[in-house]
Amino acid sequence: MIRVLLILLALAAPVAAQVADPSAPSTPSGAISTQDNRATDLAILSRISSILAQVPEFDGVRASVDAGIVTLVGEVTEQQTISRLESLLARVEGVVAIEDQVTLSTDLGTRLVSVRDRFQSRLTAVIAGLPFMALGLAVGAIIVLAGGWLSRRERTLSGIAPNPFIAGFLAQTIRLTAWIVALVVALDLMGARALLGTLLGAAGIFGLSLSFAARDTIEGFVATMLLSLRQPFNPNDLIEVNGLRGRVIRLTSRGTTLLTLDGNHIRIPNQIIYKAVLTNYTRNPERRFMVDLTIDPGADLGRARDLVLRALAGMDFVLKRPEPVAWLDAQGPDHVVIRAGGWVSQDGTDFDLARGEAFRLLRHALDSKGYLVPEPVHRIRLEQPEAEARPSPARPSRPADARLSDLNPDAAFEEMVERGRIDDGRDLLSPTPRT
């Protein structure tokens, strides 16, 4: 029962709002004259009567004037008629106040006639605007078709943007722009400028809300577009991002896929790659390896360092330019580290294999000259002045083992990389490496 009463009150509220309060007189602007005579009231009444006679909507309204106060009685079919009548009468010179006693008509026939008249007038306006509506729809359709035709010119878009992601983005932008322009032109030709302003305002609010709700998606889209334009890596490049190292398999609109050196596939979101510190080990073909060699601190350190440099210079896989380097790095009282480095070309040479082979050859060169690795033992020395010092026996050097002859990249791993780079139309990286 309470719900029914609330519904009835809600339905009756608009009707009650339309009924004017007869006790609330209108207040026309202007100064009130100090003269009060019958001639002035007759002049005001004559002017108001002529106004009421000229407007068919005011046929059911009668007016009387006394001391400049206008009293209106009668019936009208719409609340807007009362408001319009009051605004007109307030402009009549000499009117002091307006007593509105006009009520809304409750006659069903009169209300139906009013509804019929309004419908006919609106139908006439629609029929009169049909040519402009047809013109607006025709122009809008032409703009949409032209935009769709231009967005399907794949060869032209590929010439402007060789990257498939950028080309697709341009095609979508052209289609969306064509629809927006078609809508604006069509509504302007139809004369619906108010509706156009409302739609543009709603679109702005919707776009702002959407930008906050889909912030991560928009960030990923922008990162993908920037990576597609700049391309900091090529297919099969060895890169490292946030501690993850692997060969680049593909770059899609959602993420970048890496093949680790262990054979695992890792997909990293593009926004992470764009913001992270990225190391590309393949961009520069020349790469330097570093090895640490431990020797006895009592040895001749200068000759040991020169021996390491000569050994590096004699390795055929080590480049002559830039030159190899070596320096001493004291690590503790029981050993000294010689840090050596040489440059190799990654074109045809596996970096890790070359570094391991260089360490083996350098260790053998030092051992053969007596620069042995210090033993991790503690020695106890007893002071005996009468005893003769005995020299400590030297450890024999180990013979050189067989040379690792093949330093080429792993063919099986390269085959895995090529299998991972299946062209399904979603890869955004250029197929040819940069020079």
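**Close-up views of a predicted model**

**View 1. V76 stands opposite L104 in β3.** The chain crosses from β2 through helix α3 (residues 79-89) to β3, and this β-α-β crossover is right-handed: with the strands pointing away from the viewer, the path from the first strand over the helix to the second runs clockwise. β2 and β3 (residues 97-104) pair in the parallel sense over eight bridges. Pairing requires at least two DSSP bridges between two strands. Helices (H or I, at least four residues) and strands (E, at least two) are DSSP runs, numbered from the N terminus.

The model is predicted: local features need pLDDT of at least 70, side-chain atom pairs count only at pLDDT 80 or more, and totals for chains, interfaces and linings use all residues. Residues are numbered from 1 along each chain as its sequence is written, and side-chain values use heavy atoms, leaving out hydrogens and water.

**View 2. β1 and β2 form a hairpin.** Two residues lie between the strands. A67, in the turn, has a positive phi of about 60°. β1 (residues 61-66) pairs with β2 in the antiparallel sense over six bridges. I69 in β2 is the bridge partner of D66.

**View 3. The largest nonpolar core has 24 residues.** Such a core is a set of buried (under 20% relative accessible area, 1.4 Å probe, protein chains only) Ala, Val, Leu, Ile, Met, Phe, Trp, Tyr and Cys residues joined through side-chain atoms within 4.5 Å. F289, V308, L362 and L366 have the most contacts inside this core. β9 (286-295), α10 (301-313), β11 (335-345) and α11 (351-368) each supply at least two of its residues. α11 gives the most, with six.

Technical notes: Buried means under 20% relative accessible area, exposed over 50%, partly exposed in between (1.4 Å probe, protein chains only).
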